[in-house]
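Good morning, and thank you for joining this presentation. Please take a moment to look over the structure before I describe it.

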Amino acid sequence: MNIYCHELASYRREIDALSTDYENGCKEGNLTHFSLALSNRTNLLVIGLCSLVEAHLYEIAQKAEADVSFKIDDLKGNGLSRLKTFITRSKGVDFGKINTWGEFHQIYQLRNALVHGYGGLVDSVDIAKVEKALETLKCSDALVGGRRIRLTPNSLSKFCSIVENTIEQVEIRT
C-alpha cells in the first residue's frame, strides 16, 4: 500500500464519520455551530483530496526532472496546470485520456473557490465556475443561498472515488 492509498483510506474513514454525524444530527448545543462545523470539515476534505493529486503529480514531476533538460520551475502557471504541462511534456502523459480528469478538474475548481473564498462563502467572481463545477459533478444542491458551499457525505464519497481513480490512471500512464 503506497502513501496515497493510505491517505485515501483515511479520507474514506473521515467521510464515514461525517455521514454518521449527519445522520445523528445535533444532539445538544447550537445547531448553527454544529452545521458550520460539518460544513468546514467537508470543505477541508475537498481541499485535502485535491492536495493528494497535486502531491502525486509533483512527485512524478520531480522524478522526471532527472530525465529532461527543463525543470518544473521553468514553466509558468499555477501548481496544477504547471505540473500537468510538465508531466505531459516530460512523460508524454495525455491527460485527456484520463477519464476522470475532467471531473477532478471540477473538484479542483471547488477547491479554489474554498481556498480563495471565505469559509465556504464563494467570492462573487467564482460563482459561475462553482455553479458549473457542481452541475458537472451532479451536486448542484450544494450551493445554498447562491453563495455558500454545503457538500454532503455522498458528494464527498463521489469526490474521493474520482480522486482515487485519477491517481490510479495517472500512475498507470507514468
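Buried here means under 20% relative accessible area, exposed means over 50%, and partly exposed lies in between, with a 1.4 Å probe and protein chains only. Please note that this is a predicted model, in which local features need pLDDT of at least 70 and side-chain atom pairs count only at pLDDT 80 or more, while totals for chains, interfaces and linings use all residues. Residues are numbered from 1 along each chain as its sequence is written, and side-chain values use heavy atoms, with hydrogens and water left out.

Where does leucine 57 lie? It is part of helix α2. Helices (H or I, at least four residues) and strands (E, at least two) are DSSP runs, numbered from the N terminus. Leaving aside residues up to four places away in sequence, leucine 57 touches Leu80, Leu83, Ile87, Phe95, Trp101 and Val170; contact means heavy atoms within 4.5 Å. Between leucine 57 and phenylalanine 86, which are 29 residues apart along the chain, the C-alpha distance is 9.5 Å.

How many aromatic pairs does the structure hold? There are four. Rings of Phe, Tyr and Trp (its six-membered ring) pair if their centres lie within 6.5 Å; planes under 30 degrees apart count as stacked, over 60 as edge-to-face and the rest as tilted. The ring centres of phenylalanine 70 and phenylalanine 86 are 5.0 Å apart and their planes stand at 65 degrees, so this pair is edge-to-face. It links distant parts of the chain, 16 residues apart: phenylalanine 70 is in the loop between α2 (31–65) and α3 (79–91), and phenylalanine 86 is in helix α3. Elsewhere, ring pairs join Phe95, Trp101, Phe104 and Tyr108 into a cluster.

Let us turn to helix α4, residues 101–116, which contains glutamine 106. Is glutamine 106 buried or exposed? With a relative accessible area of 8%, glutamine 106 is buried. Its contacts, again not counting residues up to four places away in sequence, are Lys132, Ala133, Thr136 and Leu137.

Next come two loop residues. Lysine 138, in the loop between α5 (127–136) and β1, is exposed at a relative accessible area of 70%. Most residues other than glycine have a negative phi. Lysine 138, although not a glycine, has a positive phi of about 60 degrees. Glycine 146 sits in the loop between β1 (143–144) and β2 (148–149) and counts as partly exposed, at 36% relative accessibility. Glycine 146 and glutamate 168 are 22 residues apart in sequence, and their C-alpha atoms are 34 Å apart in space.

Finally, the chain as a whole. It has six helices and two strands, in the order α-α-α-α-α-β-β-α. Its radius of gyration is 17 Å, close to the 16 Å that the globule rule gives for 174 residues, so the chain is as compact as a globular protein of that length. That radius is taken over C-alpha atoms, and the rule is 2.2 Å times the number of residues to the power 0.38. Of the 174 residues, 41% are buried. Among contacts with a separation of 6 or more, 66% involve residues 24 or more positions apart.
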